Amino acid sequence: MKIFLTGASSGIGLATARALLAHGHEVWGTSRDSQRVPQLERLHPVQLDLADSASVEKAFSAALAEAGHFDVLINNASSGHFGPVENLSDQEIENQFRIVVFAHLQLIRLALRAMRERGHGLVINVTSLASRLPVPFMGAYNAGKAAMAAFTMSIQLELPDARVRVVDLQPGDICTAFNDAVIKSSQRDSRYETKLAKTWTIVERNMAAAPKPELVARHIFRLIERANPPPRVAVADGF
């Protein structure tokens, strides 16, 4: 199969790319810096900035032209913001939603258009258990993942062609470098300092003890192999 995968340079995305390649699939894997995508046979690096809608369309269109078609779209790439919701600016919320929601919805629309012409396809949206079990001080991330889960359910109810499937994959904590890229609020607020520090310590401890990203990769591979994948799958422990 030919697969378009966002966030292929590290974490769940890289583990997924390796698992798919090991089973003979061909992957177009994205990263903001395409040079970070490993040079592996049948893995095609794609430069894509999810914060830029023009980059999203250009990257997908170019990859589609090269591939000819895509059987699967995996919306995996993400980012996080850590800080009190009370202090979130409109810009910070918009930036989080731009990456976690808007860009992936744009990719879904582009992919569905192409898949509908061929009469079949699969979209896997990697959301999070945080959409149902919010992580303190990650309100914009929680809300973005919940929005993607809701959009996924809406699309599932609406799609007229039963041969085009959409799945919501919801991992819990997975041991990746995700926390290293989380943007922490620059605004100091003494009312929250103690709880912020305690929460971040727990978040880091849970991440270190969590399952490896290969667990999620195996679930994604199984979903791709199934003729009738379930609409929603939860992976790993809660938070």
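Is the crossing of H2 and H3 left-handed or right-handed? The model is predicted, with local features requiring pLDDT of at least 70, side-chain atom pairs counted only at pLDDT 80 or more, and totals for chains, interfaces and linings using all residues. Residues are numbered from 1 along each chain as its sequence is written, and side-chain values use heavy atoms, with hydrogens and water left out.

The crossing of H2 and H3 is right-handed, meaning that the near helix is turned clockwise from the far one by less than a right angle. Helices here are DSSP runs of H or I with at least four residues, strands are runs of E with at least two, and both are numbered from the N terminus. H2 covers residues 53-67 and H3 residues 90-118; their axes lie 10 Å apart at an angle of about 35°. These axes are lines fitted to C-alpha atoms over the stretch in contact, with angles from 0 to 180 degrees between N-to-C directions. Contact means heavy atoms within 4.5 Å. On the H2 side the contact involves Ser53, Val56, Glu57, Phe60 and Leu64, and residues of H3 including Arg98, Leu107 and Ala114 complete it.

Helix H7 spans residues 214-225. Its buried residues are Val216, Ala217, Ile220, Phe221, Leu223 and Ile224, where buried means under 20% relative accessible area, exposed over 50% and partly exposed in between, with a 1.4 Å probe and protein chains only. They fall within an arc of 160° seen down the axis of H7, so they line one face of the helix; the arc is taken over directions from the helix axis to the C-beta atoms. Among the elements they pack against are strand S1 (2-5) and helix H1 (11-22).

Notes. Expected span 1.5 Å × (residues − 1).
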